Amino acid sequence: MNIRIRKAESKDVKTLAALDARCFAAPWSEQSFEEDVVKNPLAFYLLAQTEQGDVVGYAGVWLIVDEGHITNVAVSPDCRRCGIAKRVLNQLFTDCERDWGIRAFTLEVRPSNDPALALYESFGFRPVGRRKGYYADNGEDALIMWREAEPKEV
Ligand SMILES: CC(C)(COP(=O)(O)OP(=O)(O)OC[C@H]1O[C@@H](n2cnc3c(N)ncnc32)[C@H](O)[C@@H]1OP(=O)(O)O)[C@@H](O)C(=O)NCCC(=O)NCCS
């Protein structure tokens, strides 16, 4: 699939909320995307768009000093296992290092979310702890994962 990765903007808020509704049991609202994508200067979102203009995936990060906190990653159900999440995350990590010097990333994920766990592990994320009963909808714990910076050559 031919896709391009670009920064999400205010014009994408509606589309991102619609995509989220297809990907999560408790999706973010348009207002939440508005807050993060448009108003939060410490948030950075990339999306994947097809040649036809359809937004088929996105990932977001909060830039907290020298760490990146991944907020969400999602790919349209009909476009999964085509490497889209991989491409978006790769670009996100590259941009974060280039523009803000961020090389360490963390995130929370449901221990039951096998596709997401496999994706994050493929990027070198490792589980370091749990937040008990983190997810309000079913009381599931969150697994805390970190991807540490590789030592820089000196
Ligand atoms: C998790 C998610 C974003 C993956 O998106 P995707 O575009 O299908 O992932 P990719 O095709 O880039 O996969 C990259 C790698 O992740 C792993 N992976 C992704 N989906 C997987 C699955 N269903 N089963 C096993 N491994 C999987 C594989 O290692 C894969 O590499 P490979 O295809 O070469 O084996 C997608 O399944 C999704 O949107 N899920 C619902 C939302 C969600 O749970 N987001 C994460 C919140 S923490």
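The model is a predicted one, in which local features need pLDDT of at least 70 and side-chain atom pairs pLDDT 80 or more, while totals for chains, interfaces and linings use all residues. Residue numbers start from 1 along each chain as its sequence is written.

Helices (H or I, at least four residues) and strands (E, at least two) are DSSP runs, numbered from the N terminus.

Then move to the largest nonpolar core, with 33 residues, where Leu-46, Tyr-58, Ala-59 and Val-88 touch the most other members. Such a core is a set of buried Ala, Val, Leu, Ile, Met, Phe, Trp, Tyr and Cys residues joined through C-beta atoms within 7 Å; buried means that 20 or more other C-beta atoms lie within 10 Å of a residue's own, with C-beta atoms placed from the backbone. H3 gives the most to this core, six residues.

Now select Val-88: leaving aside neighbours within four places in sequence, Val-88 is in contact (C-beta atoms, placed from the backbone, within 7 Å) with Ile-5, Leu-46, Ala-48, Gly-57, Tyr-58 and Ala-59.

Finally, display the whole chain, which has four helices and seven strands, in the order β-α-α-β-β-β-α-β-α-β-β from the N terminus.

Note on methods: Buried ≥ 20, exposed ≤ 12 C-beta atoms within 10 Å, placed from the backbone. Contact = placed C-beta atoms within 7 Å.
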